[in-house]
Structures are given as C-alpha cells and as structure tokens.
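User: I am new to reading protein models. Could we go through one together, in short steps?

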Amino acid sequence: MYSRLLSAPAKGSFFLFGPRGVGKTAWLRRQFPKALFFDLLDSQVYTRLLAAPQRLADQIPADFTDWIVVDEVQRVPELLNEAHRLIESRRLRFVLTGSSARKLRRKGVNLLAGRAVTRHMHPLTAIELGGDFDLRRALRFGGLPLACTREDPQDYLNSYAATYLREEVQQEGFSRNISAFGRFLEAASFSQGSVLNMTAVARECAVSAKVVEDYFSILEDLLLAVRLPVFTKRAKRRMIANPKFYYFDAGVFQAIRPRGPLDDPGQIHGPALETLFLQQLRALNDYRGLGFRLHYWRTAAGDEVDFVLHGERGLFAFEVKMAQNIRPDDLRALERFRADFPQAKAHLL
C-alpha cells in the first residue's frame with residue numbers, strides 16, 4: 001500500500017470526503033487499526049441503521065475509547081445527529097466518510113455544528129507513487145489506486161465508468177432518466193479541459209440546458225468532476241464568464257471518452273495531461289493546507305492560461321502543453337497574464 005500525503009487531524013472527529021475508489025477505507029483501516037467500522041455499503045448494516053439510527057449507540061461498547069468509522073455516511077444522513085449526540089455525551093471520536101455531498105447538503109443535515117473538521121482524499125499523486133510513477137501510464141490510466149496496481153487497469157476503469165457512475169446515480173435517485181445521463185457522461189468528456197457550452201452539451205444529449213446543468217451539479221456533488229471558474233480579480237481585459245470542466249481523474253476521463261477513427265490523439269492526450277496536472281494541484285493544495293483557490297484565465301480575445309492559483313501564499317500561473325517543442329506562441333498567454341499581474345510567478349509545463 002502506498003503511503004498517502006493525507007494526515008488525520010491531531011485530535012477530534014473529522015469528515016473524510018473523496019470519490020469512490022480513491023482509497024479512503026484502506027487508508028482508515030491502516031491509520032486506525034483498532035477502530036470500530038460501520039460500512040453503509042454493507043446491505044445488512046445499511047438496512048439496520050436506516051430503520052433505526054439510534055442503533056449505532058447500541059453497537060458501541062460502553063467502555064470503548066478508540067475511533068469509530070462510519071463509511072459512506074451520506075447513505076443514512078440521520079446518523080450525523082446520533083454521532084453528534086455521542087460526541088457530546090460520551091466524548092467519542094468519529095471519522096465520517098462520504099463520496100457524495102448532495103444528500104447532506106440538500107437535506108440540511110446536522111454537520112456536527114463545527115465539531116468535526118473536513119479532509120479530502122484524491123487519486124494517488126506522483127509524490128505518493130514515487131519511483132512507480134510513470135507519465136505514460138498515468139496519462140492513460142490515471143491515479144486511482146486499483147488502476148495503479150492492477151494488471152488490467154483498463155477493465156477496472158471501464159467497469160468504474162460503466163457501472164459505478166451510472167449505478168450510483170440511479171441508486172441515489174439523482175436522475176430518473178439514466179440513459180440520458182449515460183449520454184451526458186460521454187458528451188461531457190468532449191468538454192474536458194474546455195470552456196463549458198451548456199447549449200452544445202444539451203443538444204448532444206437531447207435534453208434541456210436546465211437538465212444538463214443539473215447533471216453537471218450531480219457530478220460535482222459526487223466529487224467526480226470540477227468546474228474551474230475564470231480568474232477575474234482586478235481584470236484589465238474583457239474576460240469570458242463560463243467555467244472549464246474536468247473529470248476528477250485522467251483515467252476515468254479516458255475510460256468515458258468515446259474514440260473513433262477520425263479522432264485526433266491530441267484532442268485526448270492534451271486534456272489528459274491537463275487533468276493529471278490538476279489532480280496534483282488539488283491534492284497537494286488539500287493535503288498541505290495551502291489554501292489556494294483554483295481558477296483559469298481566458299480573455300475575450302482568446303488568450304488562455306490553463307491554471308491560476310491565488311491565495312495568501314501568492315499568485316501562480318501554469319500553462320500545460322502536450323508537444324515535442326516549445327514555440328514562442330506557447331508563452332504568449334503567460335506573458336500577457338504577467339503584464340496584467342506582474343507579481344505572478346508563471347510556469348510552462
């Protein structure tokens with residue numbers, strides 16, 4: 001098992017959010033080997049606690065002092081009230097994991113009134129993989145732990161895309177039209193690393209733009225995608241307003257993206273490299289508590305910088321290119337960004 005950069009809080013309960021398959025449960029079992037686990041993906045555990053959340057307390061021994069893990073807590077949000085009560089009355093320590101924020105947010109459930117901090121887990125980073133990191137493999141198969149360790153990562157990713165993404169949406173009741181959502185997943189993959197055009201995606205899926213907006217929100221709530229806003233702070237040029245879209249992992253993107261004989265490899269490899277780089281940015285920003293806000297920069301004239309990081313630690317701009325050679329034109333957008341923000345540190349990858 002690879003050592004993760006994620007660290008648990010020094011004391012007190014915490015939430016651990018992350019997409020399915022990033023290794024939350026494996027990390028917790030290694031981090032807290034004596035913890036009491038309640039896996040809500042286990043149908044028996046789920047059914048028992050769904051019927052009566054107060055049964056959680058009955059299954060914790062009176063003299064128990066170690067950690068208690070409730071895995072996939074969004075499946076029974078009412079357990080948060082019970083956890084809150086046990087933290088207050090018995091001074092118990094909980095780790096509450098989740099792969100979806102949608103139910104928790106929509107039901108306005110008790111998020112422990114600030115008594116639990118939040119941590120996020122991401123796919124494996126290049127630092128965590130160390131000497132096992134291989135750029136070509138990472139571009140093709142991404143950073144999900146099983147995709148990094150299995151001999152047949154493509155089969156795993158195909159199953160993840162075909163089974164989990166659709167079934168999770170269906171089981172959680174997020175979408176009534178699962179076939180339309182399946183078409184949307186593929187249509188969204190053509191927007192990877194691009195400025196979102198809701199109308200075009202809706203036309204491709206044969207649904208309304210409002211439905212497509214809801215589908216994008218579902219992906220974000222399931223922690224499977226991110227929309228980067230445009231950086232407009234003290235803008236000196238006319239900027240566009242639409243965000244850019246990314247699936248959370250390069251391998252998942254590649255598994256969803258349809259391929260045909262007329263495809264230009266650059267249309268897939270370029271977005272995959274941007275996705276892989278974004279994975280590292282998001283993970284390190286969370287794991288090390290850097291506090292950056294992630295954006296991109298694009299003017300109405302078409303100048304674009306792929307990633308802009310803004311925070312108390314400074315302003316950084318990154319342009320990512322999949323090419324054999326660097327041309328002067330590749331630096332133009334960074335130079336114009338620096339002209340507007342001379343304090344920025346600009347990098348070309």
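User: Which residue forms a salt bridge with Asp-306, and how far apart are the closest N and O atoms?

Analyst: This is a predicted model, where local features need pLDDT of at least 70, side-chain atom pairs count only at pLDDT 80 or more, and totals for chains, interfaces and linings use all residues. Residues are numbered from 1 along each chain as its sequence is written, and side-chain values use heavy atoms, with hydrogens and water left out. A salt bridge is a side-chain nitrogen of Lys or Arg within 4 Å of a carboxyl oxygen of Asp or Glu. Asp-306 pairs with Lys-244, the closest N and O atoms being 3.6 Å apart.

User: How many residues apart in sequence are the parts that Asp-306 and Lys-244 tie together?

Analyst: Strands are DSSP runs of E, at least two residues long, and helices are runs of H or I, at least four; both are numbered from the N terminus. Asp-306 lies in strand 9 (residues 304–311) and Lys-244 in strand 7, so the pair ties together parts that are 62 residues apart in sequence.  Salt bridges that share partners join Lys-244, Glu-274, Arg-298, Glu-304 and Asp-306 into one network. The separation asked for is 62 residues.

User: Is Lys-244 buried or exposed, and at what relative accessible area?

Analyst: Buried means under 20% relative accessible area, exposed over 50%, and partly exposed in between (1.4 Å probe, protein chains only). Lys-244 is buried, because its relative accessible area is 0%.

User: Why are Glu-82 and Arg-85 separated by about one helical turn?

Analyst: Their side chains meet in a salt bridge, at 2.5 Å from N to O. An α-helix has 3.6 residues a turn, so residues three or four places apart point the same way. Glu-82 and Arg-85 are about one turn apart because both sit in helix 4 (residues 79–90), at a spacing of 3 residues.

User: Which residue just after helix 12 takes a positive phi?

Analyst: Helix 12 covers residues 209–221. Its buried residues include Val-212, Tyr-215 and Phe-216. Just after this helix, a positive phi of about 65° is taken by Leu-223.

Notes
The expected span of a helix is 1.5 Å times one less than its number of residues.
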